[in-house]
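Reader: I would like to learn how to read a helix and a sheet in a model like this one. Please take me through them one at a time.

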Amino acid sequence: MFTPDLFAPEDDDAALMAQLRQVLHQHAHRYYVLDAPTIPDAEYDRLFKQLQDLEARHPELAAPDSPTQRIGGKVLEQFASVRHAVPMLSIRTETDTEASGAENFDARIRRELGLTEADPAIEYVAEPKFDGLAMSLRYEHGVLVQAATRGDGEVGEDVTQNIRTIGQIPLNIVAPALGTDVSSLPPEGARFALGRPGGKTYPLVPPVLEVRGEVYMRRDDFEALNDRQRQRIAAGERGEKTFVNPRNAAAGAVRQLDSTIAAQRPLSFFAYGLGEVTAPEAGGPRWQTHYDMLQTLKSWGFPVCDLVNVAHGATELVAFYQSIGQQRDGLGYDIDGVVYKLNSLALQRRLGFVTREPRWAVAHKFPAQEMLTTVLGIDVQVGRTGKLTPVAKLAPVFVGGVTVTNATLHNEDEARRKDVRVGDTVIVRRAGDVIPEVVSVLPDQRQGNPEVFTMPHQCPVCGSVAVREEGEADYRCTGGLFCSAQRKQSILHFAQRRAVEVEGLGDKLVDQLVDAGVIHTLSDLYRLGFTALVNLERMAGKSAQNILDALEKSKHTTLPRFLFGLGIRHVGEATAKELARHFGKLDAIMDASEAQLLAVADVGPIVAKSIRTFFDQPHNREVVEQLRACGVTWPEGAPAPVAAQPLSGKTFVLTGTLPTLDREEAKALIEAAGGKVAGSVSKKTSYVVAGAEAGSKLDKAQELGVAVLDEAQLKEMLDGGS
């Protein structure tokens, strides 16, 4: 690790500045490119500040390759034009999005090279096709002197100030042997030494080197950027906007006239080719293959995609295309296809170019993930849990490999933020198995002044009230027991083991019963007959009778189980037990006001409102009465006196394995004695009950000073001890 002792004495500031720049370049490469930093951020910041101070004292010694140049600050009136010494040509696109596109390319190359079936397979380099902005980086004597966009291929824009802000792009091509301690190298050796990573020798850095590649924005960086933009918009900052996709965000950052703004936009870079390079006869490199050239760039400090591979013949090209296609949605960056290139540079020169495209390369596109279409209408769908989701009905469009006619708008806030209206032209995105979504609207193509979308206040399926709770983004239907959209979910919840428990009534059977129209509400379960069951697919007579027996058994339940089984939002098992204990009877709960509900130990304002809203729906009350009429019953009575509960008002957390009680038994005993069982330890926890192999909950209890009990001490408390 670098220490100040390795540096020139402070009276030789020029040498010290040069050494600081070299070390900072090396550590920046480890951080941004290799993702393997060897010094803490604070140490890097200290060295950086030392260099800044020296440059402030000696502005005449400042260098264009200094790491301090990454922070931006220069505001341009406009971008200067740059004529490319070697044109930045586009690559022919293979529009066949099937695997046969790779076979077509290989067949054409073999034909143009005059090869027969008897000749061996051709060697290619295959790489992802990045969805970013093409860039040319010019280095002279190892120092970045210019960065230019593609432009029209002949003339681009000088964006050097903005490109300097990208941490992955070396400002100075550092020592190729990245592990070398620069203090041991001669002054020019650090820049032009031979690198031997992995035992292989790489060429000297040539006097002129133009590296071609892609500037892009990672997906996580893009999401973080848009989050910051939304916060600024919410704070009322003028002129701010969110970005449609990572490519647009990257392009906007590269073309900022103020490089300080560009420095705040997180950009990345992949190298994939070359422009002008000093000729071999003038001291330039002598590469044999495109792959070797990429590995040399990597050894010189440029980021090269790890997915780049050598492929032999059409079969391996097809395998690469399919493999990258499967990985596409899981990558940290956007790609829209793959690129195939002849690996032999001699063969590349032999085939040459046609018009403005190389004959020796092709871009094989994946099915587009974003397309334009028109919004025909906006519907609201109701999910299994009652969530209302606005959905745009679209003019059919082929995107992501399928024809899409619907796209989610997520919720009312998102629909309004994007300002999606009927008749709008929109960008629709579908990636992999992700539900298609409307990314953005093209407002300049809007006709007239269509109505702004608003969420309905009644469920579009059952007519029950739709509510949006404070702090939530979604509206929900309150007719859970009645709403047909929630029918399957309601039945499964009611029949689960922790509710009334109908053994054997699982997903597949419920699907059959609902889809066949045999049951419509919970009470229909108890009207099922043997014939209706035995006629279902894969339902033998014995299985049918078992279901009927389980239904009969489930009629005899408890008030807490029945309450929990109703599926009232926010009412879990613990809350159901507190409600039953407090009120004693279901009718008392159904008729309780919000104020009366708030008197229950485990009920707050949100839960009280949810319970009141549920029982205010006539549909839900009707289903409860039908269940009672079918014979579903439970013991009722006056609420138990609070004073009779030894653990009343105390909260317990269970951790580890107890000697004789399992977790559910201990929980039941605590709750029966008036206590509450929580899942995590906090300052409000009264006791932690710890058994063998107790984990982090025990550590947290000790950290917070919460009392810890064993099983024997718990039982003593249950018996009335302190």
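Reader: Which residues are buried in α6?

Author: First, the ground rules. This is a predicted model, in which local features need pLDDT of at least 70 and side-chain atom pairs count only at pLDDT 80 or more, while totals for chains, interfaces and linings use all residues. Residues are numbered from 1 along each chain as its sequence is written, and side-chain values use heavy atoms, with hydrogens and water left out. Buried means under 20% relative accessible area, exposed over 50%, and partly exposed in between (1.4 Å probe, protein chains only). In α6, the buried residues are Arg219, Phe222, Leu225, Asn226 and Gln229.

Reader: Why do the buried residues of α6 line one face of the helix?

Author: The general idea is that an α-helix has 3.6 residues a turn, so residues three or four places apart point the same way. Down the axis of α6, the buried residues fall within an arc of 120°, so they line one face. The arc is that of the directions from the helix axis to the C-beta atoms. On the other side of α6, Gln231 and Ala234 are exposed.

Reader: What do the buried residues of α6 pack against?

Author: They pack against α7 (246-254), where contact means heavy atoms within 4.5 Å. Helices (H or I, at least four residues) and strands (E, at least two) are DSSP runs, numbered from the N terminus. Just after α6, Gly236 has a positive phi of about 85°.

Reader: Now the sheet. In what order do the strands of the open sheet stand?

Author: Strands of a sheet pair through backbone hydrogen bonds, either parallel or antiparallel. Two strands pair if DSSP finds at least two bridges between them. Here four strands form an open sheet in the order β22-β21-β23-β24, with parallel pairing. The edges are β22 (676-678) and β24 (707-709), each with a single partner strand, so one side of each lacks a neighbour in the sheet.

Reader: How many bridges join β21 and β23?

Author: Strand β21 (residues 651-655) and strand β23 (residues 687-690) pair over four bridges, in the parallel sense. Val653 stands opposite Val688 in β23.

Reader: Which strands does helix α24 touch?

Author: Helix α24 (residues 696-704) packs on the sheet and touches β21, β23 and β24; its direction makes about 135° with that of β21. Axes are lines fitted to C-alpha atoms, for helices over the stretch in contact, and angles run from 0 to 180 degrees between N-to-C directions. Helix α25 (residues 711-718) also packs on the sheet, touching β21, β23 and β24, and its direction makes about 95° with that of β24.
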